[in-house]
Amino acid sequence: MKKELICIVCPQGCRLTVEEKDGSYQVSGNTCKRGEAYGINEITAPRRVITTTVKLEGGRCPRLPVKTRTDVPKELIFDCMAKINQVTVKAPVKMGDVVLADVMGTGVDVIATRDM
């Protein structure tokens, strides 16, 4: 198997080629070790940070911007979003406050990204 990717770890945007040979992965085109790790992870177990909003009561805006503290498995994004869409937060909220702990059993919290 051979797959071509663009690395998103840093602004350089290296063009990676990831090849699987006998159960091991070979990455080329990367200029740093982080690119190598990204290429292998993207093929074996892709993960993403989710950024969205939740309902906010008593604030100056009706929605509060939030994100997952770290990345979650890509295959759980839609399930995580279904849980996040059920959340309503009451103001005041500080940036970094946990608005949903351990979303979908991933061990990753959803946090506020703005004071409201």
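This is a predicted model: local features need pLDDT of at least 70, side-chain atom pairs count only at pLDDT 80 or more; totals for chains, interfaces and linings use all residues.

Residues are numbered from 1 along each chain as its sequence is written, and side-chain values use heavy atoms, with hydrogens and water left out.

**Stop one: the sheet**

Helices (H or I, at least four residues) and strands (E, at least two) are DSSP runs, numbered from the N terminus. Two strands pair if DSSP finds at least two bridges between them. Now select the open sheet of five strands, ordered E8-E5-E6-E10-E9 with mixed pairing. Which strands stand at the edges? They are E8 (88-90) and E9 (98-100); each has a single partner strand, so one side of each is left without a neighbour in the sheet.

Contact here means heavy atoms within 4.5 Å.

**Stop two: strand by strand**

Pick E5 and E6, an antiparallel pair with five bridges. Val54 sits opposite Leu64 in E6. Their hairpin has five residues between the strands, and Gly58 there takes a positive phi near 80°.

Stay on E6 and show its side chains. In a regular strand, side chains alternate between the two faces of the sheet. Here, Leu64, Val66 and Thr68 make up the covered face of E6, while Arg63, Pro65 and Lys67 make up the uncovered one.

Move across to E10: E6 and E10 pair antiparallel over three bridges, with Lys67 opposite Ile111. E10 (residues 110-112) also pairs with E9, again antiparallel, over two bridges. On that side, Val98 is the residue opposite Ile111.

**Stop three: Thr68**

Zoom in on Thr68, part of strand E6. Is Thr68 buried or exposed? Its relative accessible area is 0%, so Thr68 is buried (buried means under 20%, exposed over 50%, partly exposed in between, with a 1.4 Å probe and protein chains only). Leaving out residues up to four places away in sequence, Thr68 touches Arg48, Val49, Ile50, Val108, Asp109 and Val110. A polar atom of the Thr68 side chain also lies 2.8 Å from the backbone oxygen of Thr70.

**Stop four: Glu19**

Jump to Glu19 in strand E2 (residues 15-21). Glu19 is partly exposed, at 26% relative accessibility. With residues up to four places away in sequence left out, Glu19 touches Met1, Lys2, Ser24, Tyr25 and Gln26.

**Last stop: the cysteines**

How many disulfides are there? Counting pairs of cysteine sulfur atoms within 2.5 Å, the total is zero. Select Cys14: the nearest cysteine sulfur, that of Cys10, is 5.8 Å away. Cys14 is buried at 12% relative accessible area, while Cys61 is partly exposed at 26%.

Technical notes. A polar contact is a pair of N or O atoms within 3.5 Å; within protein, one must be able to donate a hydrogen and the other to accept it, and residues adjacent in sequence count only if both atoms are side-chain atoms.
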